[in-house]
Structures are given as C-alpha cells and as structure tokens.
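Notebook open, model loaded. I want to go from one side-chain contact out to the whole fold.

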Amino acid sequence: MKATPTAIPDVMVVEPKVFGDARGFFYESFNQQAFNAATGTNFEFVQDNHSRSRKGVLRGLHYQLPPHAQGKLVRVVRGAVWDVAVDIRQGSATFGKWVAEELTEYSHKQFWIPPGFAHGFVVLSESADFLYKTTDYYAPESDRGIAWNDPQIDIVWPDLGMDWLLSEKDLKQPLLQDADTFIG
C-alpha cells in the first residue's frame, strides 16, 4: 500500500498493490497495519458505508463535528466519481482550501480524508458504487454540511453538461462562513 499526500498533506491518495493477469485482479482493499504504516496515522475504522448514485448526483459537502468527527477512507468499486475534501480546521494554513481526486473502479485508488475535513463527490459515470470506511459512527447530532457551491471555497466541479442532482438537505447547506467548523 502506498499513500501520497495531496496539496493538503493530511489528505492522501492511497493505492493498494493490485495483482492482475488475464483472469482479472486481486488486491487487499484494506489492511489496518498497512494503512497505518503508509499514512503515518493510527485511526481505527468502525463503520463501512456503501452508496450507489447515478450520473450527475452530487453528494456533500458533509462532515461530523467532535465528539463524533469522522475520518473517511473512500473508494469506488463500480463507475467513477470526482471526490473532494475541504479543510474546515480553524487556524489551519489551508482552511477553506480543497483537493480532489478522480476515483474509478479501474484505478483502485482510495482517498483518505481525516477528521476536520468536509467531503463531497459527484458521479461521472452512468452510475457509481461508492464505499467508505469511517473512524466514528454516524451521529445525527454531530452531522453538518457546507454548500457544495460556496464561492469562498470555489470548488471547480467537472462539467458534465447537465444540472447536478442534489438532495433537499444538500440544497440547504450553509456557506462556510456560517457553518460550524473544527476548532484548533
């Protein structure tokens, strides 16, 4: 397993070792010891989630506040997504900045998004199955979000030539300046 820091070094692209031949492929999608060694972290994962979405669905930007802050290790097992992490740690040199990675079923890349970051993605393919591990359980009282199109953050989402499909919840998220963010 290899972990490569992004422009925001705490967010990393994680690449498992894939063994492939004419029959197909095999890879260890997660190994706690290998993950800790590659990322230099010591997070424990407690929940796995799976979502399926169609082309143009945009989910996010989501996060949970302490005491239930979540780190997420995300990957795509069918299709392709544009995955985004936004630093919402007050006092961070990269507060309000974002990084993104295209995740596909073919690249097998994963994206490590630690606690203190908002997360979102848009589906690029006809549909996508998106899996993610979290470092804490879902807690509705800690659940928060930020508007996907916040001009202060200014995420450059890919142009698919269509309107995004968003949930009612995501259409009503506050701007970063009005959101509850991480202190410290």
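**Entry 1: around R89**

I started with a polar contact: the side chains of R89 and D87 meet at 2.8 Å. By polar contact I mean a pair of N or O atoms within 3.5 Å; within protein, one must be able to donate a hydrogen and the other to accept it, and residues adjacent in sequence count only if both atoms are side-chain atoms.

Ground rules for my notes: this is a predicted model, where local features need pLDDT of at least 70 and side-chain atom pairs count only at pLDDT 80 or more, while totals for chains, interfaces and linings use all residues. Residues are numbered from 1 along each chain as its sequence is written, and side-chain values use heavy atoms, with hydrogens and water left out.

I placed R89 in the loop between β8 (80-87) and β9 (98-104). Strands here are DSSP runs (E, at least two residues) and helices likewise (H or I, at least four), numbered from the N terminus. Leaving aside residues up to four places away in sequence, I found R89 touching I8, D10, T94, F95, P115, G116, F117 and F182; contact means heavy atoms within 4.5 Å.

**Entry 2: the sheet and β7**

Next I traced an open sheet of 6 strands, ordered β1-β2-β10-β7-β12-β5 with antiparallel pairing. Two strands pair if DSSP finds at least two bridges between them. The edges are β1 (2-5) and β5 (47-54), each pairing on one side only. From one strand to the next, the twist averages 25°, using axes that are lines fitted to C-alpha atoms and angles that run from 0 to 180 degrees between N-to-C directions.

Which strands does β7 pair with? On one count, β7 (residues 72-78) runs antiparallel to β12 (residues 127-134), joined by 6 bridges. I noted V76 with F130 and R75 with L131 as bridge partners.

I then checked burial (under 20% relative accessible area, 1.4 Å probe, protein chains only). In β7, 5 of the 7 residues are buried, so the strand is largely enclosed by the rest of the structure.

**Entry 3: the whole protein**

I counted 2 helices and 13 strands. Of the 184 residues, 51% are buried. Among contacts with a separation of 6 or more, 79% come from residues 24 or more positions apart. The C-alpha atoms fill a box of roughly 50 × 40 × 30 Å along the principal axes.

Technical notes. Buried < 20%, exposed > 50% of the residue type's maximum accessible area, 1.4 Å probe, protein only.
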